[in-house]
Amino acid sequence: MARHVLDIQNYNLAMKHFWLTFAFICTCSLTQVAFPQDTPAFTIVAWNVESNRPNQPPVSDSTVIAGQLKELMTSDATKSQIVVLSELEPKDIFRYTSAVSEGLGHDVDFVSSGSGGFEDTDSLAVIIDRTRFEIVSAIELHRWGSQRGNFAVDDAKSSDFGALRSRSPLAVKLKDLSNSRQFWIIANHLARGESDLRIDQAKMLVEWAKSINEPMISAGDHNFDFDFHTQHGNEAFEAMTKENVWQWIKPDPLVDSNWSQDRRVRDRAVDRYPDSILDFIFVANQAKTWIGESDVIVREGDFPDDDKTSDHRPIIGRFQPQ
């Protein structure tokens with residue numbers, strides 16, 4: 001299985017290629033791509049940190065993951081001004097924001113969501129470097145128009161009866177302090193077990209992007225099951241990309257971003273869904289004109305994961321706005 005490893009050793013080469021490509025495009029096509037001098041590039045890391053469930057054996061350790069998050073923010077290869085976290089336990093938000101702040105060496109601000117299944121232990125958060133961005137507003141997209149982004153548990157026997165079952169997309173409007181321009185970051189962890197809801201969520205994101213004529217980036221665990229061999233995702237992926245409202249910033253080469261142990265096999269080294277990707281970065285509206293690239297961050301020994309580490313790899317996106 002071919003794997004692309006984004007690490008410190010490869011970073012200089014990767015960034016050299018990125019900026020040489022950017023310089024070449026600017027030189028050859030100045031009339032089409034003319035970036036203001038006051039628009040520096042920025043970086044996003046999105047990561048499903050795998051939360052623990054109430055009354056279930058632990059599957060991760062937030063102290064360990066916070067340490068890994070701090071390392072990501074300390075390294076020049078993965079330092080980011082925007083961090084999107086999914087599958088977050090609310091009690092861990094301050095641990096993770098502190099890790100980002102310590103790694104960057106800057107003050108941070110954040111927004112976390114109120115929705116999320118399993119007694120709300122499956123929430124979302126957007127953390128920003130306050131020296132570069134300012135949070136203008138934030139909303140959870142429970143519904144837009146006729147499309148739902150979540151639904152209430154209707155099983156009267158469930159302890160979550162009446163509560164929101166899944167994660168509603170968390171949309172956060174940011175202002176770039178370098179030039180006062182504004183754009184949206186949508187933190188996503190679309191429904192896993194309810195395929196119909198996942199499709200509805202994808203359709204809702206399309207309708208919302210069409211209604212709000214501002215630059216948008218959707219980042220996180222979309223659960224789109226994009227298969228490397230067939231080059232197709234599930235029905236929700238098709239719904240998200242059908243009208244070309246959202247454009248996938250596709251890693252090249254593709255790298256498996258989630259480890260799911262095969263329950264039929266005792267060997268932990270067997271992945272139930274090999275050669276597939278669940279974690280994505282999409283752009284919509286004016287952000288589709290930005291120069292961007294993404295990679296899956298692979299670290300030695302990250303897969304298979306254990307009961308202290310996440311079963312997802314972080315995904316990183318680099319953008320040069322127009």
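## Aromatic pairs

In this predicted model, a search of the whole structure finds 19 aromatic pairs. One of them joins Phe-237 and Phe-280, whose ring centres lie 6.1 Å apart and whose planes meet at 40 degrees, so the pair is described as tilted. The label follows because planes under 30 degrees apart would count as stacked and planes over 60 as edge-to-face, with the rest called tilted. A pair of aromatic rings is described by the distance of the centres and the angle of the planes.

## A cluster of rings and a charge over a ring

Phe-237 and Phe-280 also take part in a cluster, in which ring pairs link them with Phe-224, Phe-226, Trp-248 and Phe-282. Another kind of contact with a ring is found at Tyr-273, where Arg-192 lies over the face of the ring, at 6.0 Å from its centre.

## The six-stranded sheet

The model contains an open sheet of 6 strands, arranged in the order β3-β4-β2-β1-β14-β13 and with mixed pairing. Which strands stand at the edges of this sheet? They are β3 (108-112) and β13 (291-296), and because each has a single partner strand, one side of each is left without a neighbour in the sheet. From one strand to the next, the twist averages 15 degrees.

Within the sheet, strand β2 (residues 82-88) pairs with strand β4 (residues 123-129) in the antiparallel sense, over 5 bridges. As one example of how residues face each other here, Leu-85 has Ala-125 in β4 as its bridge partner.

Helix α2 (residues 62-74) lies across β1 (42-48) and β2, and its direction runs at about 165 degrees to β1. Helix α3 (residues 93-104) also packs on the sheet, where it touches β2, β3 and β4, while its direction makes about 150 degrees with that of β3.

Strand β4 also holds Leu-124, a residue that is buried, with a relative accessible area of 0%. Leu-124 and Glu-140 are 16 residues apart in sequence, and in space their C-alpha atoms are 9.9 Å apart.

Definitions and conventions
Residues are numbered from 1 along each chain as its sequence is written. This is a predicted model: local features need pLDDT of at least 70, side-chain atom pairs count only at pLDDT 80 or more; totals for chains, interfaces and linings use all residues. Side-chain values use heavy atoms; hydrogens and water are left out. Two strands pair if DSSP finds at least two bridges between them. Helices (H or I, at least four residues) and strands (E, at least two) are DSSP runs, numbered from the N terminus. Axes are lines fitted to C-alpha atoms, for helices over the stretch in contact, and angles run from 0 to 180 degrees between N-to-C directions. Contact means heavy atoms within 4.5 Å. Buried means under 20% relative accessible area, exposed over 50%, partly exposed in between (1.4 Å probe, protein chains only). Rings of Phe, Tyr and Trp (its six-membered ring) pair if their centres lie within 6.5 Å; planes under 30 degrees apart count as stacked, over 60 as edge-to-face and the rest as tilted. A charge sits over a ring if NZ of Lys or CZ of Arg is within 6 Å of the ring centre and within 35 degrees of the ring normal.
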